[in-house]
Amino acid sequence: NDRVTPLVLQKMKGNTKIVSLTAYTSSMASLVDPHVELIIVGDSVGMVAYGQASTLGVSLETMINHGAAVVRGANRACVIIDMPFGSYQESPQQAFRNASRVLSRTGAQGVKLEGGAEMLATTQFLVERGIPVMAHIGLTPQHVNRLGGFKAQARTAESTAQLRDVAVAFAQHGAFALLVEAISEPAAARITAAVNIPVIGIGASPACDGQVLVTEDILGLFSDYSPRFVKRYAELSPLISTACAQFAMEVRQGSFPTSAHCFTMLEQPME
Ligand code: KIV
Ligand code: NA
């Protein structure tokens, strides 16, 4: 088994860009797997697959079910699963209880959690007990109610210095990687230079060690909300609409199914 590990990702820093995409299902994971080193099972599943307005309504059970599906579908990429809102913020003990369930029930290699300095002790607690942690900083969607919307972060000298300090502290507390979301390019450059762990960016400029996007976003399969940092590499929604329309038309006309899609009797029909 030559699955990419958090250690392998760390060795890529400074040498090769790390490529990452999200997946929520086995089928998408197997399509994405040959092209990336890292698959993130994001709590964006709540918005993209469940039609929720934020990521706050996603349960641990939901992350475990989707995480297990993704691990079954991917055999090469490192799989990291988001800890959902409310499953880790209370205490390091709560975080360990839930993160250990995520790993033991899915076979994923680590978890991602959102936050700032308040998550440092929890990060260290998990790492010391065997759970690789990716720290998600910058725009942290689980804080949407406090941030007052999905807004880019670290766009002033002061907030950039603060975020850089938080990034350095996460590295010191054992995080194996950072995910930086929606931050200014100077902030991303300073953070990437300041830490010896990989920095994966989403909306965070090419200064990062790697890039991630939500797969449904790059495929044009999710348009409820489209941040500035998304680039669409395909427009699959019209293709799906056309296929559904064609199927509906053929069923109504009686041109589907044909004999090619039907089963015959194994014996001569009775007279
Ligand atoms: O939930 C999500 O999709 C994420 C991405 C930034 C990876 O956290
Ligand atoms: Na997320």
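Helices (H or I, at least four residues) and strands (E, at least two) are DSSP runs, numbered from the N terminus. Those labels guide this tour of a predicted model, in which local features need pLDDT of at least 70, side-chain atom pairs count only at pLDDT 80 or more, and totals for chains, interfaces and linings use all residues. Residues are numbered from 1 along each chain as its sequence is written, while chains are lettered from A and ligands numbered from 1 in the order in which they are written.

**Whole protein**

Start with everything in view. The protein has eleven helices and eight strands. Its C-alpha atoms fill a box of roughly 85 × 35 × 35 Å along the principal axes. Now colour by pLDDT, the predictor's confidence in each residue, from 0 to 100. The average is 96, and 99% of the residues score at least 70. Confidence is highest in strand β2 (residues 38-41), at a mean of 99, and lowest in helix α7 (residues 144-147), at 93. For the model, ipTM is 0.99 and pTM is 0.96.

Of the 271 residues, 42% count as buried. A residue is buried if 20 or more other C-beta atoms, placed from the backbone, lie within 10 Å of its own, exposed if 12 or fewer, and partly exposed in between.

**Ligand 1**

Select ligand 1 next. Around it are T22, I40, G42, D43, S44, D82, L179, E181, I202, V212 and V214. Each has its C-beta atom, placed from the backbone, within 6 Å of the ligand. This shell holds five nonpolar, three polar and three charged residues. Here Ala, Val, Leu, Ile, Met, Phe, Trp, Tyr, Cys and Pro count as nonpolar, Asp, Glu, Lys and Arg as charged, and the others, Gly among them, as polar.

**E181**

Pick E181 from that shell. An unreviewed UniProt entry lists E181 under "active site". UniProt positions follow the numbering used here, feature names are shortened, and annotations may be inferred rather than shown by experiment. E181 belongs to strand β6 (residues 177-181). Is E181 buried or exposed? E181 counts as buried because it has 22 C-beta neighbours inside 10 Å. Leaving out residues up to four places away in sequence, E181 touches H136, G138, L139, I202, G203 and A204. Such a contact means C-beta atoms, placed from the backbone, within 7 Å.

Now select D43, S44, D82 and K112, which the unreviewed UniProt entry annotates as "binding site". They are spread over 70 residues of sequence but cluster in space, with a largest C-alpha distance of 12.5 Å.

Zoom in on D43, in the loop between β2 and α3 (45-48). D43 has 31 C-beta neighbours inside 10 Å, so it counts as buried. Beyond its neighbours within four places in sequence, D43 contacts T55, V58, M63, D82 and P84.

Step to S44, in the loop between β2 and α3. S44 is buried because 23 other C-beta atoms lie within 10 Å. Its contacts, not counting residues up to four places away in sequence, are T22, T55 and V214.

**The core**

Last, show I39, V79, L178 and V180. Of the 70 residues in the largest nonpolar core, these touch the most other members. A nonpolar core is a set of buried Ala, Val, Leu, Ile, Met, Phe, Trp, Tyr and Cys residues joined through C-beta atoms within 7 Å.

V79 sits in strand β3 (residues 78-82). Outside four places in sequence, V79 touches I39, V41, V70, V71, A74, A108 and Q109. Finish at L178, whose contacts beyond four places in sequence include M134, F170 and I197.

Key: Two residues are in contact if their C-beta atoms, placed from the backbone, lie within 7 Å.
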